[in-house]
Amino acid sequence: MKQKPVVVVTRKLPAAVEQRLQRDYAPRLNPEDRIYTADEIVALAQGADAIIPCHTERLNAQVIARLPAGIRAICSFSVGFDHIDLQAARERGISVTNTPDVLSDATAEIALLLMLGAARRAHEGAELVRTATWREWSPTYQLGIQVTGKRLGIIGMGRVGRVVAKRARGFDMEIHYHNRRRLDPEQEMGAIFHATLEDLLPHCNFLSIHCPATPDTRNLLNAERIGLLPRDAVVVNTARGAVVDDDALIAALRAGKLFAAGLDVFNNEPEIHPGYRGLANSFLLPHIGSATRETRDAMGFRALDNLDAIFAGREPRDRLV
Ligand code: DGY
């Protein structure tokens, strides 16, 4: 009987996904959901055929160079792939895939939640109620900024950015965007394209970031660019922390240049820049953009579809390399 391919699964995945893995593969699971070191990943990969990592495992050039020759595929349980050195994988002849599409709705929900929560100071209000420090209603108490009818700027009008635009239209927002290429009118749906970030930013009462983390986008939102936003703008990030210069954003929040920030992703998670924690105008979530039962199942199944294709000699749907 043909041996099932051995798959290293770096994190505990949803039950239905692990069941399918156990049916079709010989998985090396991580029931305790420990974060493996690079050495542990390399050790676990001995005698294995593939790896399913998450964004929490850095498969950089050094780690990829140490993987055994038997590793044919890295099928990431994530849409982002900044944790994998694609060039190093290419050089080793390892196929790499991600899980686009299936998390766009869930991530857009969190972007809207952050936008609304940061603008309406939801976290502060929730804290008042929970800690019994809410005194009474007052006409000037807990005043936020209205979202309805404002201008929303989107950086990166890919799958998630387009869903955010669609949902934001429900709040009568005027959509502006910057993207590497202008969308066709059918996808644009009236959104206003700006060829440069510098052109986009002065229009944004709200700014939502949806571009990937690459060497080109590192610290893309820096002090100079924050300076171009209108006073009292709200910044939302559900993409990657690396896209934001933390010191610059914290300084702008402290100075009251920005009204608030809603952040689901950070540099160096979970050890985030401590400056965010002390700010009342930062609404912070623990990287839960795709954290719904439906989406996490779908991400796992999509990763497995890619794995199945590679081991069946078919082209995987989401090949990066
Ligand atoms: C993704 O899929 O990239 C999310 O950030 C979770 O890893």
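This is a predicted model: local features need pLDDT of at least 70, side-chain atom pairs count only at pLDDT 80 or more; totals for chains, interfaces and linings use all residues.
Residues are numbered from 1 along each chain as its sequence is written, and side-chain values use heavy atoms, with hydrogens and water left out. Local features need pLDDT of at least 70, side-chain atom pairs count only at pLDDT 80 or more, and totals for chains, interfaces and linings use all residues.

**First stop: an open sheet**

Select strand S1, residues 6–9, and strand S3, residues 50–52. Helices (H or I, at least four residues) and strands (E, at least two) are DSSP runs, numbered from the N terminus. S1 and S3 are parallel and joined by three bridges; two strands count as paired if DSSP finds at least two bridges between them. Val-8 lies opposite Ile-51 of S3.

Now widen the view to the five strands of this open sheet, ordered S2-S1-S3-S4-S5 with parallel pairing. S2 (26–28) and S5 (95–97) are at the edges with a single partner strand each, so one side of each has no neighbour in the sheet.

**Second stop: strand S10**

Go to S10, residues 233–237, where five of its five residues are buried (under 20% relative accessible area; exposed is over 50%, partly exposed in between; 1.4 Å probe, protein chains only). Ala-233, Val-235 and Asn-237 are on one side, with Val-234 and Val-236 on the other.

Ile-209 has Asn-237 as its bridge partner in S10.
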